[in-house]
Amino acid sequence: MERRDYLKTFAGTSSVIAFAGCSSDGQQEQEDTPTPRPDRDADGVPDSMDDFPGNSNLSQVVASESDTRNIEEDEWWYYTLELNSAGRLQYDFIVREGPAIDVLVLSESEYSSFKGEERYEYFTDVSALDSTGEEVSGFLESGTYRLIFDNSNAGEAAPPSNLSNDVVEVEFEYQLAE
């Protein structure tokens, strides 16, 4: 029995008949196959969605900031940084006016000691001490950190002798990526 004769036989019934995979001209239809999405670094994130398509350790920027701040003497400015997995911190800064500063990266728990003017431990690979400008980049484990721009002269044995408020104007930008 031909296909048309078969369809005519059931034309008056309420049954629905489907011919899966056949087109009206009798040719087999092809199944839809997803278009391959390039992933050069094989990290599981397609290059079109990957901020770092050439680096298998990083795939997205999770935080970034660019700003200029005036920081009073004996004060500091900080950003809280959070990483859900290991990632990279990259920043650069320049002191436009004022004395050299410390830029420190501390764990959340060490920040309490820093704030209390106690001994504290900082990450040397991603910190810059007594500097008027640097580019810094390094990797951190998952966790919460503080990126601190410090004009407090905390490490000096005696306070500055110039008896003026040495305000620092610092221009910076940072990027945190996982």
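1. Contact here means heavy atoms within 4.5 Å. By that rule, and leaving aside neighbours within four places in sequence, Ser107 is in contact with Phe123, Thr144 and Tyr145. Ser107 lies in strand β4. Strands (E, at least two residues) and helices (H or I, at least four) are DSSP runs, numbered from the N terminus.

2. Some ground rules. This is a predicted model, in which local features need pLDDT of at least 70 and side-chain atom pairs count only at pLDDT 80 or more, while totals for chains, interfaces and linings use all residues. Residues are numbered from 1 along each chain as its sequence is written, and side-chain values use heavy atoms, with hydrogens and water left out.

3. Back to Ser107. Is this residue buried or exposed? Ser107 counts as buried because its relative accessibility is 18%. The cut-offs are these: buried is under 20% relative accessible area, exposed is over 50%, and partly exposed is in between (1.4 Å probe, protein chains only). The Ser107 side chain also makes a polar contact with the side chain of Ser109, at 3.2 Å. A polar contact is a pair of N or O atoms within 3.5 Å; within protein, one must be able to donate a hydrogen and the other to accept it, and residues adjacent in sequence count only if both atoms are side-chain atoms.

4. Now the sheet that holds β4. Four strands form an open sheet in the order β2-β7-β4-β5, with antiparallel pairing. Strands pair if DSSP finds at least two bridges between them. β2 (76–83) and β5 (128–131) are the edge strands, and each pairs on one side only. On average, neighbouring strands of this sheet are turned by 15 degrees against each other, direction ignored. Axes are lines fitted to C-alpha atoms, for helices over the stretch in contact, and angles run from 0 to 180 degrees between N-to-C directions.

5. Look at β2 and β7 (residues 143–150). The two pair in the antiparallel sense over eight bridges. Thr80 stands opposite Arg146 in β7. Helix α2 (residues 108–115) lies across β2, β4 (101–107) and β7. The helix runs at about 135 degrees to β4.

6. There is another open sheet of four strands. Its order is β1-β8-β3-β6, and the pairing is antiparallel. β1 (61–71) and β6 (133–140) each have a single partner strand, so one side of each is left without a neighbour in the sheet. Neighbouring strands here are turned by 10 degrees against each other on average, direction ignored. β1 pairs with β8 (residues 168–177) in the antiparallel sense over ten bridges. Val61 stands opposite Ala177 in β8.

7. How many salt bridges does a search of the whole structure find? The search finds three. A salt bridge is a side-chain nitrogen of Lys or Arg within 4 Å of a carboxyl oxygen of Asp or Glu. Side chains of opposite charge can pair when their charged atoms come close.

8. Take the salt bridges in turn. The side chains of Glu108 and Arg146 meet at 2.7 Å, N to O. This pair links distant parts of the chain: Glu108 sits in helix α2 and Arg146 in strand β7, 38 residues apart. Arg146 is buried, with a relative accessible area of 10%, whereas Glu108 counts as partly exposed at 31%. Glu171 and Arg96 meet at 3.0 Å, N to O. This pair too links distant parts of the chain, with Glu171 in strand β8 and Arg96 in strand β3 (residues 87–97), 75 residues apart. Arg69 and Asp67 meet at 3.1 Å, N to O.

9. Next, the cores. A nonpolar core is a set of buried Ala, Val, Leu, Ile, Met, Phe, Trp, Tyr and Cys residues joined through side-chain atoms within 4.5 Å. The largest one has 23 residues, and those with the most contacts inside it are Leu89, Tyr91, Phe93, Leu147, Phe149 and Val170. β2, β3, β4, β6, β7 and β8 are the elements that give two or more residues to this core. β8 gives the most, with five. Leaving aside neighbours within four places in sequence, Phe149 is in contact with residues including Trp76, Phe93, Val103 and Phe172. A second, separate core of five residues includes Leu106, Tyr111, Phe114 and Ile148.

10. Last, a loop residue. Thr124 lies in the loop between α2 and β5. Thr124 is exposed, with a relative accessible area of 54%. Thr124 and Gly138 are 14 residues apart in sequence and 9.7 Å apart in space, C-alpha to C-alpha.
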